[in-house]
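Here are my notes on the model, in numbered points. Please read them with the structure open beside you.

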Amino acid sequence: MGVCLDAAEEAARTGDFPNGACVVVEQHVIAVSGSEAAGGTDPTAHAEVSSLRNAAASGRLSPGATLFTTLEPCAMCLHSAVVAGVREIVFACKRSDVGDAAYVSNLDATAMAEQLLQPLILTHHGDPKGRTAKLITTFLSQDPH
């Protein structure tokens with residue numbers, strides 16, 4: 001968690017939101033990031049998402065990884081961790097310790113995790129002339145070599 005706190009302090013020094021995160025695989029830190037979203041060029045560059053991106057770019061992200069973060073994750077970060085195959089999220093500071101101003105959603109991580117398990121209404125708009133399906137199946141059928 002000290003690595004995450006160092007990244008959070010660095011983010012704060014550069015004028016960003018003071019949050020830090022790291023990805024750990026088999027007890028090795030494979031990626032670290034502080035929040036990079038305040039610059040306005042990438043609103044998704046929360047520390048957790050950035051550390052997951054860095055871990056994936058390194059080629060060392062694997063299912064079962066652990067995500068450490070200084071702050072209870074928001075909905076986007078929580079879902080990104082799920083999609084990335086993270087097994088566990090360890091966080092230092094609870095949302096209730098800092099207040100709701102640091103979050104867009106009014107749900108804490110536990111409530112968000114429960115909500116993710118709830119049914120979601122999906123509406124099939126249709127694929128006029130099969131354009132989307134053709135684009136994807138053509139892409140998937142291409143030889144990667």
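1. Which side chain meets that of R13 in a salt bridge? The partner is E10, with N and O 2.9 Å apart. A salt bridge here is a side-chain nitrogen of Lys or Arg within 4 Å of a carboxyl oxygen of Asp or Glu. R13 and E10 both sit in helix α1, residues 2-13. They are three residues apart, about one turn of the helix.

2. A word on the basis. This is a predicted model, in which local features need pLDDT of at least 70 and side-chain atom pairs count only at pLDDT 80 or more, while totals for chains, interfaces and linings use all residues. Residues are numbered from 1 along each chain as its sequence is written, and side-chain values use heavy atoms, with hydrogens and water left out.

3. Now the overall plan. The chain has six helices and four strands. Both are DSSP runs numbered from the N terminus: helices are H or I with at least four residues, strands are E with at least two. Starting at the N terminus, the order is α-β-β-α-β-α-β-α-α-α.

4. How much of the chain is buried? Of its 145 residues, 30% are buried. Buried means under 20% relative accessible area, exposed means over 50%, and partly exposed lies in between (1.4 Å probe, protein chains only). Back to the pair in helix α1: R13 has a relative accessible area of 59%, so R13 is exposed. E10 stands at 39%, so E10 is partly exposed.

5. The structure holds three salt bridges. In another of them, R53 pairs with D42, and the closest N and O atoms are 3.0 Å apart. This pair links distant parts of the chain, eleven residues apart. R53 is in helix α2, and D42 is in the loop between β2 (28-34) and α2. R53 is partly exposed because its relative accessible area is 38%. D42 is partly exposed too, at 24%.

6. E88 and R87 also meet through their side chains in a salt bridge, 3.3 Å from N to O. Are these two buried or exposed? E88 has 37% relative accessibility, so E88 counts as partly exposed. R87 has 57%, so R87 counts as exposed.

7. Look next at helix α2 (residues 47-58) and helix α3 (residues 75-84). Their axes come within 8 Å and cross at roughly 20°. Axes are lines fitted to C-alpha atoms, for helices over the stretch in contact, and angles run from 0 to 180 degrees between N-to-C directions. α2 and α3 are therefore roughly parallel. The cut-offs: under 35 degrees is roughly parallel, over 145 roughly antiparallel, 65 to 115 roughly perpendicular, and the rest oblique. The crossing is left-handed, meaning that the near helix is turned anticlockwise from the far one by less than a right angle.

8. H79 is partly exposed, with 39% relative accessible area. The C-alpha atoms of H79 and V49 are 9.6 Å apart, although 30 residues separate the two along the chain.

9. Last, the surface. L135, I136, F139 and L140 make a nonpolar patch of about 480 Å². Patch residues have over 30% relative accessible area and no salt bridge; nonpolar side chains (Val, Leu, Ile, Met, Phe, Trp, Tyr) are joined within 5 Å, like charges within 9 Å. Accessible areas come from the Shrake-Rupley method with a 1.4 Å probe, and for residues only the protein chains shown count as cover. I136 lies in helix α6, residues 131-141. I136 counts as partly exposed because its relative accessibility is 46%.
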